[in-house]
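Student: I have a model open and would like to learn how to read its features. Can we go through them one at a time?

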Amino acid sequence: MATVNIRATVNGTERMIECEPDAPLLDVLRQDLGLSGPRFGCGVGLCGACFVLVGGRARSSCDFPAWAAEGQDITTVEGLAQDGALHPVQQAVLDEQAAQCGYCTSGMIISAVGLLRANAAPTEGEVRSALDGNLCRCGSHQRILRAVLRAAARSEPAARPPGARTPVRQEEAR
Amino acid sequence: MSRSAEPSPSLAANPQLREWLDFSVDAVVTIRPGKVEYGQGVWTALAQIAAEELDVGLDQVRVAGVSTGSSPDEGVTSGSRSIQDSGGALRQVCAQVRAAFLAEAAEKLGADPAGLEVARGAVGPGSGESGLSYWSLDEAALLDRAARLTVPAKSPARWSVAGRSAPRIDLPDKAAGRPRFLHDQVLPGMLFGRVVRPPAPAATLDGVDEADLPDGVVTQVRDGSFLGVIAESDRVAVAAAERLAQAARWTVRESLPDEDDLKGFLLSQPTDDQPVVQRRDAEAAGQVRSTCAAEYTRPFIAHGSMAPSCAIARWDDGDQVSVWSHSQGVFPLRGALATGLGLDPARVTVHYVEGAGVYGHNAADDAAADAVLLARAVPGRPVRVLWTRPDELSWGPLGSAMLARLSAGLDAAGRIRTWRQDVWSNGFVGRPGIGGEPRLLALSHVAGGTPISATLDGVPSGAMGATRNAVPAYDIPDLEVTRHRLLTMPLRTSSLRSLGAFLNVFAIESFMDELALAAGADPAEFRLAHLSDPRARRVIEEAAAMSGWAARARGGTPGESADGTGFGLAFARYKGVAGYCAAVAEVAADTSISLRRLWLAVDVGRVINPDGVLNQVEGGAIQSASWALRERVRFDRTRITSVTWESYPILRFTEVPEVAVRIVDAPGEPETGAGELAQGPVAGAIGNAVADAVGVRVRDLPLTTEQVTRTIELS
């Protein structure tokens with residue numbers, strides 16, 4: 001198949017990628033660049049497992065052709081940590097134990113990071129809406145909601161409206 | 001605390017201590033369970049059990065990957081039995097190893113073993129710095145022996161690692177996006193395979209026209225109606241498979257039932273009829289003054305794992321094959337592959353690598369068979385096979401459609417005296433190797449392959465198969481339960497989380513509300529009046545208290561809710577012998593049906609990782625809600641048509657309810673597992689809440705807005 005050279009910034013590094021122009025960005029990231037964070041789930045942009053940030057906005061990469069990535073700034077879950085420290089959303093996912101199988105986790109984290117960049121103090125309803133394109137089959141939704149709200153509270157305390165709901169951890173009765 | 005002298009079945013089958021752990025890495029204990037991790041958190045809990053009994057830090061425990069080449073054979077990771085079986089074995093093994101270590105250390109030190117303590121795997125600190133540790137003693141002396149049941153494990157009262165919430169050992173990789181899943185594995189020289197599935201379950205491949213395949217294709221594989229392609233990259237394999245699909249000529253037949261008449265389908269097929277319970281009480285039957293009867297159904301349900309199934313296989317030296325799979329049962333898979341391919345099982349090795357969440361027997365094993373068949377064409381090269389999303393939703397085994405027909409008799413005081421329950425279903429026991437058949441999809445498509453025969457269902461009991469939880473937990477003197485297993489199987493079925501319990505509990509708990517209404521009783525009170533088991537009563541009382549049941553928005557007549565809000569309660573003891581769960585649901589019914597909140601109280605006996613239990617119960621509750629409200633495999637007379645997340649919708653973030661879970665403390669009771677016990681009660685609670693909100697009983701799942709509207713219109 002005919003190939004083209006695509007130049008894009010991936011996780012802060014400029015990359016030149018030779019691939020078929022209509023190759024899905026997800027394939028390029030996983031197979032050509034060896035990134036495992038974006039996951040294949042459906043191939044048609046309906047599940048969110050493959051989400052990456054393109055120009056700071058979360059979107060599916062399985063139905064995003066490589067040619068459209070030319071000149072774009074792309075961030076995968078691997079590119080979120082700063083100086084060895086996890087992004088607040090990643091840390092909150094661990095703090096809330098907000099996963100079961102974890103296959104959808106990278107896409108969830110990316111969606112949440114995209115949301116928090118646009119809205120530092122989202123309501124629970126706004127988080128639900130922002131993550132609506134991310135499917136989870138294990139049923140970890142409540143924990144993920146708590147994690148995103150926790151990350152928002154941690155990273156932008158000044159931006160939170162007065163009286164904003166603080167996520168409360170579900171404790172077992174013992 | 002005294003322990004049962006019964007070994008876990010896993011330990012009885014694998015009695016050598018060395019099979020379960022070693023100290024080959026300094027300051028690290030490597031445990032080797034035969035149960036696999038697929039997101040349920042079981043490896044974390046097993047590590048806690050080992051750390052507790054050995055007196056090492058949880059951070060010192062590593063869990064070895066499961067492989068038929070190196071792990072104890074613990075069969076399939078299913079049935080919520082890992083903590084009992086694998087945990088029970090590891091607890092006993094580790095207690096014995098610790099006792100042997102202390103005896104050895106005491107002899108070297110000339111001390112009384114009872115006076116020594118172990119911390120982080122070494123004698124001390126209260127016993128002085130002896131320098132003796134699990135890693136300093138002769139490993140063979142500690143481990144080369146058989147398990148004895150006379151060594152007592154610790155009393156839970158002395159636990160410091162087990163019984164407390166521990167963070168999952170697998171989550172840091174997942175939050176960072178590091179390679180962890182089978183889908184991320186890249187083996188040296190790996191090629192990429194794709195399978196072109198038939199266009200329908202009943203289809204025969206007549207021929208393949210010449211296709212212009214892209215550069216990078218290594219070879220095509222055709223064997224009967226099994227058609228696949230191997231390429232240098234997955235992109236090329238996908239493109240080649242699409243062209244092959246266009247070039248393939250098939251004879252397709254209609255073989256599926258009428259999706260809009262599942263009841264008619266289930267009742268019209270030949271069945272194997274087996275009694276589950278027959279308990280006659282003529283005196284009680286004679287007290288019956290009124291009777292009720294109803295039928296409840298569920299459709300076929302798909303597993304819908306977030307990742308399409310994946311596998312890698314490589315053939316070496318002619319007849320030796322290595323397989324990497326996310327199967328729930330690598331040992332049965334090895335046996336089925338050997339049987340199906342006429343190989344010596346000793347020449348087949350299956351390694352487990354985690355995939356996305358698994359909720360029963362999905363397509364993982366089938367993908368493994370695909371990889372094995374394709375890789376045979378390129379000896380020495382590993383071939384990775386990845387399924388497509390449409391194939392995953394249509395070719396993997398399904399949870400069977402079911403019908404439960406119930407009738408009951410009440411006496412003058414409103415007590416249930418008689419109960420009949422008949423369950424029609426395809427079987428749930430269809431994993432590889434069951435009944436001596438490989439039961440692997442590709443092996444049914446190759447030349448000379450035979451269709452997978454109708455799935456079996458295990459021993460008819462309230463604990464297994466389609467009749468799991470078909471025996472009500474209530475005190476009913478005259479009881480008869482019968483299983484009707486279908487002997488035809490137009491849509492392939494096998495085990496899906498909770499098996500028949502999802503429908504049986506939905507049916508029983510819906511019916512209990514209908515009986516309560518007939519008896520003029522509050523649904524919670526009506527249940528308690530028929531329950532003498534104190535643990536059952538306790539979870540109902542807890543769930544009622546959590547949800548404010550007594551003071552719920554209205555205590556009035558069903559269907560007279562001013563604001564369209566409805567509350568429902570349901571209960572079951574999973575399998576009749578395992579964990580207890582009561583659930584309360586709150587739904588809102590206006591222009592659509594939405595589930596607002598769920599409250600669950602569970603008693604799962606002793607708890608190893610409380611947060612792990614909460615996670616499993618929360619997740620089970622949401623998945624059950626998704627099944628109950630949304631899910632239904634769609635098909636025409638030829639093929640399954642629900643092959644995307646649009647045509648097979650599951651509950652999304654904007655639709656999931658708030659979920660509150662409380663664990664009822666029961667430290668003196670054995671562990672029961674927690675992964676499946678919410679499925680039935682949540683469905684029952686939602687059904688009862690919908691009936692409470694709209695005043696009409698909807699007995700056919702899923703409870704979509706359209707289904708509820710249709711039922712109201714027909715009422």
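Tutor: Start with how chain A is connected: contacts between residues 24 or more positions apart make up 60% of those in chain A with a separation of 6 or more. Keep in mind that this is a predicted model.

Student: How many helices and strands does chain A have?

Tutor: Chain A has five helices and five strands. Read from the N terminus, its elements follow the order β-β-α-β-β-β-α-α-α-α. Of the 174 residues in chain A, 54% are buried.

Student: How do I read burial for a single residue? For instance, is A:D27 buried or exposed?

Tutor: Count the other C-beta atoms around the residue; 20 or more within 10 Å means buried. A:D27 has 23 other C-beta atoms within 10 Å, so A:D27 is buried. This aspartate sits in helix α1 (residues 25-32) of chain A. Sequence and space can also be set side by side: A:D27 and A:G55 are 28 residues apart in sequence and 19 Å apart in space, C-alpha to C-alpha.

Student: And what about A:D83, buried or exposed?

Tutor: A:D83 is exposed, because 4 other C-beta atoms lie within 10 Å. Its place is the loop between β5 (73-75) and α2 (88-95) of chain A. The backbone there deserves a look too: A:D83 is not a glycine, yet has a positive phi of about 50 degrees.

Student: Which residue of chain B has a positive phi of about 65 degrees although it is not a glycine?

Tutor: That is B:A27. B:A27 lies in the loop between β1 (21-22) and β2 (29-31) of chain B. With 15 other C-beta atoms within 10 Å, B:A27 is partly exposed.

Student: Next, helix packing. What describes two packed helices?

Tutor: The angle between their axes and the distance between the axes. In chain A, helix α3 (residues 105-118) and helix α5 (residues 141-155) pack at an angle of about 40 degrees, with their axes 11 Å apart. The two helices, α3(A) and α5(A), are therefore oblique to each other. Their crossing is right-handed.

Student: Which residues make the contact between α3(A) and α5(A)?

Tutor: From α3(A) come A:M108, A:A112 and A:L116, and from α5(A) come A:I144, A:V148, A:A151, A:A152 and A:S155. By type, the residues of this contact between α3(A) and α5(A) are seven nonpolar, one polar and no charged.

Student: How does helix α2 of chain B cross helix α3 of chain B?

Tutor: The axes of helix α2 (residues 42-54) and helix α3 (residues 82-109) of chain B come within 8 Å and cross at roughly 25 degrees. Angles under 35 degrees count as roughly parallel, so α2(B) is roughly parallel to α3(B). The crossing of α2(B) past α3(B) is right-handed. Among the contact residues are B:A45, B:I49 and B:E53 of α2(B) and B:S86, B:L90 and B:R98 of α3(B). The residues in the contact of α2(B) with α3(B) divide into 11 nonpolar, three polar and three charged.

Student: Where is B:D55 found?

Tutor: B:D55 is in the loop between α2 and β3 (61-63) of chain B. B:D55 counts as buried because it has 21 C-beta neighbours inside 10 Å. Leaving out residues up to four places away in sequence, B:D55 touches B:R98, B:V118, B:A119 and B:G121. B:D55 and B:V161 are 106 residues apart in sequence and 9.0 Å apart in space, C-alpha to C-alpha.

Student: Which residues touch the most other members of the largest nonpolar core?

Tutor: The core has 283 residues, and those with the most contacts to other members include B:A50 and B:A371. Helix α13 (residues 501-519) of chain B gives the most to this core, 11 residues. Apart from residues up to four places away in sequence, B:A371 touches B:G193, B:A311, B:I312, B:A313, B:V323, B:V383, B:R384 and B:V385.

Student: How many residues does each chain bring to the contact between chains?

Tutor: Chain B brings 55 residues and chain A brings 49 residues. On the side of chain B that touches chain A, α16(B) has the largest share, 10 residues. That side of chain B divides into 24 nonpolar, 15 polar and 16 charged residues.

Student: Last, where is there a cis peptide bond?

Tutor: Between B:L701 and B:P702, with omega about 0 degrees. B:P702 is in the loop between α17 (679-694) and α18 (705-714) of chain B.

Key:
Residues are numbered from 1 along each chain as its sequence is written. Chains are lettered from A and ligands numbered from 1 in the order in which they are written. This is a predicted model: local features need pLDDT of at least 70, side-chain atom pairs count only at pLDDT 80 or more; totals for chains, interfaces and linings use all residues. Axes are lines fitted to C-alpha atoms, for helices over the stretch in contact, and angles run from 0 to 180 degrees between N-to-C directions. Helices (H or I, at least four residues) and strands (E, at least two) are DSSP runs, numbered from the N terminus. Angles under 35 degrees count as roughly parallel, over 145 as roughly antiparallel, 65 to 115 as roughly perpendicular and the rest as oblique. A crossing is left-handed if the near helix is turned anticlockwise from the far one by less than a right angle, and right-handed if clockwise. Two residues are in contact if their C-beta atoms, placed from the backbone, lie within 7 Å. Ala, Val, Leu, Ile, Met, Phe, Trp, Tyr, Cys and Pro count as nonpolar, Asp, Glu, Lys and Arg as charged, and the others, Gly among them, as polar. A residue is buried if 20 or more other C-beta atoms lie within 10 Å of its own, exposed if 12 or fewer, and partly exposed in between; C-beta atoms are placed from the backbone. A nonpolar core is a set of buried Ala, Val, Leu, Ile, Met, Phe, Trp, Tyr and Cys residues joined through C-beta atoms within 7 Å.
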